[in-house]
Structures are given as C-alpha cells and as structure tokens.
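Work through the exercises below with the sequence and the model side by side. Each task is followed by a solution that goes step by step.

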Amino acid sequence: MTREQERDLINRAQAGSVAAYEQIVAHYQDRLLRFLMMRGLQQADAEDAAQSALVSAWENLSGYRSKWQFSTWLYTIARRCAIQRKPLQTNNDELDADTGLDTCLEQQLRDNVWSVAHRQLEPSAFQALWLHYGEGFSGAEVARIMDRTTVWVRVTLHRARSRLRAVFANDNPVVEQHEHSIS
Amino acid sequence: MNTVFPDNLEQRLQQDAERIQVTADQHFTQRVSNRINAAQQQHNPGSSRNRRYWAWGLAVPAALAVVLLVTLNPLQQSSDFSPASAQLLVSNLDMNLDKALVERENDFESELTKVQNDLHKLGSMMGFNGALLVK
C-alpha cells in the first residue's frame, strides 16, 4: 500500500467509511501482532490488544493529524494497549532460559540475532531496537511511540548496538583477531 | 547461527527481523469490524436520544408520584382534625366536663351534708339548738 493509497483510505475512514478502515486493518494487523508479541504478549493477548488498538484508533480517528505517519500514531495506541495488559519488566542480571515470548515466536527466533538481543537487552532497549530495525521507524518516530525523547532513543540504540557487538565479539574471537590483522 | 560481524550488525538486525513472520487469525478483521459496529451502536445518537426520552418519561412521573405522596400523607393525617371530627371532639369534651362538674357537685353536697350533721350533733352536745348552728 502506497502512502497516497493509505492517505485516501484514512480520509474515507475519517468520513465514516468502515469498509475503508477495514482495508487499513488488513494492512496493519500482522505487523501490529508481531510488534505486540515481540513485546512479550502471548498470541491470544496480542490479538486482543491489537483489536483494541485498532478499535480505539477508529474511535479517535478524528484526532489523527497527517503530520505524523499513521503507523506511528497506530503503534502509539497499540503500545498503550499492551502496557495495560503487560507492563515492561526489568530483566534479571542472570540469563533467564524462559524468554517469556510466545512459543511460535521462540521457534522463529532460533538462529536469529533477535533472540540474542532479547536475552541481552533491557525490555525498553529491546523495544526501541525492534521499532527502529524491525519496524523501520525513525528515531523521532520511536521516541513518539515510546513517549521518550529523541536523545533517549539515540543513546539507547547506541548502547544496545554496543552491547550486542561486544556479545558477538566475545562469541567470535577468531573473527575479531582476523579483523585486527587486516586493519 | 551465521557469524555476526560487528560491522554488519545493523544489516543483520534488519534481515533477521524480516524472517520473523506472524499471521493474524483469518477472522481478525471481521472481529475488529464487529467491535467497531458495536461501539457505533452504543454511541448512536438516535438510540441515545430515545434513551433520554425514556429516562425523562419515567423520571418525571416518578418524581411527581413522590411529591404527591409526600404532600398527601400529611393531609391524610390531618383528616382526623376535620371540622366534623373537631366538633365531635368538642362535644365529647363538653360532656365529660359536665359530668365531672356534676360529680364534683354531688360530692360537695354530700360533704356539706356531713358537716351539717356533725355541727348539729356538736350543738346538741353543748346544749345549743343545733339547727341554729347550721343556719
């Protein structure tokens, strides 16, 4: 769906067209679901939260302003719905074998760099990293969704990347030595 | 896992994110539509206006009924003091008063008679004409 198509659907939905809004729902449902499950909700809870977010967005559609991307606005609502169901908790220092993620997601995260990120990073840092690299939001958009400042987002992403680089460097000592010899 | 070089971390994050796929239930969109329609029914101006009319239609008569009950109850109690009943009460009082006066008078007469008799006896004892004492 192009930006123009989306804008047209939003205008029609704001005029009261449920059919137009259904197309928006179909476009975002999988992405929203994935975001909420990566945030730690089980699939059933994530589906319920996604539905609540989309219904809430419909009810408040008159308040949406096109200066922001619709996805940013929608994800902000979805995050608040997720918080109501499961607030983010601080990870323990020890590695926890139980990721807390839905089992179907855990299976997909095998041999996936995001499984390492989920284990190594604080939940808020992981969420910022996912929104930026997984969902494609800019730093400013991540800040708006997470109700943080852009400075916080930039610092958090930097620290998250540094942390992961350190983890992978420790896991791949041969690779690191080879790179040093090249440089 | 394939080796992750520190300098390709960002690229790896994006690529691995694309591998994570989640599909919503086939009825997801329909459920959202159902909830939207249900929400619209609740906020329907026509239905809310009808509810307001019903509310006023029930509330006003109920309020009037309460007011009438409150005001009529004292009136009903005050029926005991209607003019007819008041007159009856007064009549009863008159009768009772007369009765009490008659009884008092009878008592007085009997007491007076006793005193007269006693004086008569006393006079006789003292050699006087008791009848003169009584007079």
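This is a predicted model: local features need pLDDT of at least 70, side-chain atom pairs count only at pLDDT 80 or more; totals for chains, interfaces and linings use all residues.

Residues are numbered from 1 along each chain as its sequence is written, and chains are lettered from A and ligands numbered from 1 in the order in which they are written.

**Exercise 1.** Describe the secondary structure and the burial of each chain.

Solution. Begin with the elements, where helices (H or I, at least four residues) and strands (E, at least two) are DSSP runs numbered from the N terminus. Chain A has ten helices and zero strands, and chain B has five helices and zero strands. Next, take burial: a residue is buried if 20 or more other C-beta atoms, placed from the backbone, lie within 10 Å of its own, exposed if 12 or fewer, and partly exposed in between. By this count 36% of the 183 residues of chain A are buried, and in chain B buried residues make up 6% of 135.

**Exercise 2.** Work out how H7(A) and H8(A) are placed against each other.

Solution. Start from the axes, which are lines fitted to C-alpha atoms over the stretch in contact, with angles running from 0 to 180 degrees between N-to-C directions. The axes of H7(A) and H8(A) come within 9 Å and cross at roughly 135 degrees. Angles under 35 degrees count as roughly parallel, over 145 as roughly antiparallel, 65 to 115 as roughly perpendicular and the rest as oblique, and therefore H7(A) and H8(A) are oblique to each other. Then look at the residues: Gln127(A), Ala128(A), Leu131(A) and His132(A) in H7(A) meet Gly139(A), Val142(A), Ile145(A) and Met146(A) in H8(A), where contact requires C-beta atoms, placed from the backbone, to lie within 7 Å. Finally, turn to H8(A) itself (residues 139–146), in which Glu141(A), Val142(A), Ala143(A), Ile145(A) and Met146(A) are buried, and just after which Asp147(A) takes a positive phi of about 60 degrees.

**Exercise 3.** Which helices of chain A each supply at least two residues of the side that touches chain B?

Solution. First, note that 29 residues of chain A are in contact with 26 residues of chain B. The helices in question are H2 (18–38), H3 (43–59), H6 (113–120), H7 (123–134) and H9 (150–171) of chain A. The largest share of this side of chain A, nine residues, comes from H2(A).

How values were computed: Two residues are in contact if their C-beta atoms, placed from the backbone, lie within 7 Å.
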